[in-house]
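Keep the sequence and the 3D view open while reading.

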Number of protein chains: 4
Amino acid sequence: MKIRLLAATAVVAFTSSLAIASEAVVVNQAINETQAIEAQEAWCSALININSTYEKDGQAAAKALAEKVIDGAYAYQMGAVLFKPTLTVNPQTFRTTRAGALSYFVGGDPSFSKDTGFALKGWKKCEPENVAIFIDGNSAITMGKVHFTDKAGKVTTVDKTWGFVKDDAGQLRINLHHSSLEYQPK
Amino acid sequence: MKIRLLAATAVVAFTSSLAIASEAVVVNQAINETQAIEAQEAWCSALININSTYEKDGQAAAKALAEKVIDGAYAYQMGAVLFKPTLTVNPQTFRTTRAGALSYFVGGDPSFSKDTGFALKGWKKCEPENVAIFIDGNSAITMGKVHFTDKAGKVTTVDKTWGFVKDDAGQLRINLHHSSLEYQPK
Amino acid sequence: MKIRLLAATAVVAFTSSLAIASEAVVVNQAINETQAIEAQEAWCSALININSTYEKDGQAAAKALAEKVIDGAYAYQMGAVLFKPTLTVNPQTFRTTRAGALSYFVGGDPSFSKDTGFALKGWKKCEPENVAIFIDGNSAITMGKVHFTDKAGKVTTVDKTWGFVKDDAGQLRINLHHSSLEYQPK
Amino acid sequence: MKIRLLAATAVVAFTSSLAIASEAVVVNQAINETQAIEAQEAWCSALININSTYEKDGQAAAKALAEKVIDGAYAYQMGAVLFKPTLTVNPQTFRTTRAGALSYFVGGDPSFSKDTGFALKGWKKCEPENVAIFIDGNSAITMGKVHFTDKAGKVTTVDKTWGFVKDDAGQLRINLHHSSLEYQPK
């Protein structure tokens, strides 16, 4: 059990190699928390970028960018992604395929007629706030809030879980994404 | 990429060992989908049991059982569980500690004064319906619906993600649990 | 701790899915012992094939086949393989690169002038005998004897450890291979 | 594919957390190369200590220490360790049980009558020299030379593979240990 509090400040780690070997090749398929946090930040940046591309160049350009983002950041090429977006409804709640994810982000797919394009909703800011990170080794999961600010300054907060795996090339990919609006007691 | 459709029917797997060795010791820390599904069923059974214990023997008995369930089924002893229950609110949305989980299930903890005990709400049936399972190796995540039926026959459905790890003793433990009510478009 | 004795007999596993879902997508990056044993058998078959190709078609053909085998069965494309072949000497004991592995199996590389081609030594039979298998999840290691029989019927036995990882495509790849002649007390 | 050359010099890593959260709990079951190298150093130190305890206090004291070392550093409690010591012979080449490991290190067990106690051979220095490290995530393997210097100053070098897993408490444990004398061409 290694538990640490990850402070949002810079830390300086002093790593002293004890081995005699002057050079050992290291292949590292583990994920560390910095990589997980950077992947979250990349997701947020991509969302903002898709929105600004949409505002500047229209839906087709936004869609082209979203495809690139999905192919680069999600793990659909491994077989499936466990994706429950914030605003989907039955019977299309879950988007385990690339097409379902794309439609959720930019809409315009008649197979998912209720999607209006989450990434096109004027987001100007996207800020993850982690409450916990669990690194299983070659996979990692994070849980926390994500705060989205739109062009009117209105903030929407969701509860979000992300799961990451490392592909053969050493890149993190999202294999799990569960997002939900905060519970509103009546 | 190994993708399979897991049909809800029995399958017969024929495993023929090719090795010469008449006996090799096998230590297996991987998780398979049967184990993940059994862990979901065990969670559901535990929920029903806590409720019936509550109805029969009161809150203290229900709490004692819930403690046993949490200690047996969750991974709090590994440091933290990423737990976002269905009905929690800010600033206590997340229950990364054992105390927070216990309070959510059976209430009665002044530190979590808004908890009314999710496991005490008269549940008679609890049915997981998986849409996807991703086995990372020594960890696994599942996503799908869970349908809860109360004593009046009313069904509540939630979107649920579970993550499982195997402890040193080879037992599955929940290290991730994100539950949310279905999105209701206005 | 899940320990089992893996008997060299066929076993019938009855897997009954308990989930309601009629179809859940399963992505499985875990390794099981059958896959590990099949990978060992594939390695043995490849060795015999390289030798018979050599006897029939010469070194160039054997080398071409060995390249295919290495690219298909080892994990060099992930960065490095921890490979200590049976018969190598200082300062080229370890073959962490593809070129070093190829030279060990079929010789003919002036950069590894002491290599005579282990796969060209007339092997007719190759039989793994596992003593233990440890499955970490997405990786597995095996240890045991491997018995090689040459065309004269002479058997050479080595102590062998193999490590396997699963690539993004779900295929097992050797990331560890430590082979050594049995210790001969003086 | 993340490949790095691990130089035997101190490195300063600057890790800047990007998250908003001032505090996120991190549970980390991954292994890093520093931990692997420290575990190797701990193994070497333990070997030297067992020898000096033997010289000072006799075999019983050395055995008691060896038991402590094995229980603390190996993964026998997970079910088995894949252990091929340097100097063992058939049919007791492999020491997959704790008793077999203990006998190898300190001898004196009639069930393993050929063991003379590797740790009692006067070792004064033990130096790992890694050629490659492969981190699978929650497990890691290392390969290289280990140089043992005895009281007469004579150096014995072996080819050694170690595998490490992290237990529930976050401690590295050896689940694989393959050691062999260097190959001597005739």
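This is a predicted model: local features need pLDDT of at least 70, side-chain atom pairs count only at pLDDT 80 or more; totals for chains, interfaces and linings use all residues.

The largest nonpolar core holds 209 residues. The whole structure has 56 aromatic pairs over all chains.

**Fold of chain A**
- Along the sequence, the elements of chain A run β-β-β-α-α-β-α-β-β-β-β.
- Chain A has 186 residues, and 58% of them are buried.
- Take the contacts in chain A between residues at least 6 apart in sequence: 50% of these join residues at least 24 apart.

**Nonpolar core**
- Which members of the largest core touch the most other members? They are A:Trp43, B:Trp43, C:Trp43 and D:Trp43.
- In chain D, neighbours within four places in sequence aside, D:Trp43 contacts D:Tyr74, D:Phe105, D:Cys126, D:Phe148, D:Lys160, D:Trp162, D:Ile174 and D:His177.

**Aromatic rings**
- Among the 56 aromatic pairs found over all chains, one joins A:Trp123 and A:Phe148.
- The A:Trp123–A:Phe148 pair is tilted, with 5.4 Å centre to centre and 45° between the planes.
- This pair links distant parts of the chain, 25 residues apart. A:Trp123 sits in strand 5 (residues 123–135) of chain A, and A:Phe148 in strand 6 (residues 139–150).
- A:Trp123 and A:Phe148 are both buried.
- Ring pairs also connect A:Trp123 and A:Phe148 into a cluster, whose members include A:Trp43, A:Tyr74, A:Phe105 and A:Trp162.

**B:Asp150**
- B:Asp150 belongs to strand 6 (residues 139–150) of chain B.
- What is the nearest side chain of opposite charge to B:Asp150? It is B:Lys154, 5.6 Å away.
- A salt bridge needs the charged atoms within 4 Å. B:Asp150 is buried yet has no salt bridge.
- The B:Asp150 side chain does reach backbone nitrogens. That of B:Ala152 is at 2.9 Å.
- The backbone nitrogen of B:Lys154 is also 2.9 Å from a polar atom of the B:Asp150 side chain.
- Not counting residues up to four places away in sequence, B:Asp150 touches B:Lys121, B:Gly122, B:Trp123 and B:Lys124.

**B:Glu41**
- B:Glu41 lies in helix 1 (residues 33–57) of chain B.
- Its relative accessible area is 23%, so B:Glu41 counts as partly exposed.
- B:Glu41 and B:Lys186 are 145 residues apart in sequence. C-alpha to C-alpha, B:Glu41 and B:Lys186 are 34 Å apart in space.

Definitions and conventions:
Residues are numbered from 1 along each chain as its sequence is written. Chains are lettered from A and ligands numbered from 1 in the order in which they are written. Side-chain values use heavy atoms; hydrogens and water are left out. Helices (H or I, at least four residues) and strands (E, at least two) are DSSP runs, numbered from the N terminus. Buried means under 20% relative accessible area, exposed over 50%, partly exposed in between (1.4 Å probe, protein chains only). Lys and Arg count as positive and Asp and Glu as negative; His and the chain ends are not counted. A polar contact is a pair of N or O atoms within 3.5 Å; within protein, one must be able to donate a hydrogen and the other to accept it, and residues adjacent in sequence count only if both atoms are side-chain atoms. Contact means heavy atoms within 4.5 Å. A nonpolar core is a set of buried Ala, Val, Leu, Ile, Met, Phe, Trp, Tyr and Cys residues joined through side-chain atoms within 4.5 Å. Rings of Phe, Tyr and Trp (its six-membered ring) pair if their centres lie within 6.5 Å; planes under 30 degrees apart count as stacked, over 60 as edge-to-face and the rest as tilted.
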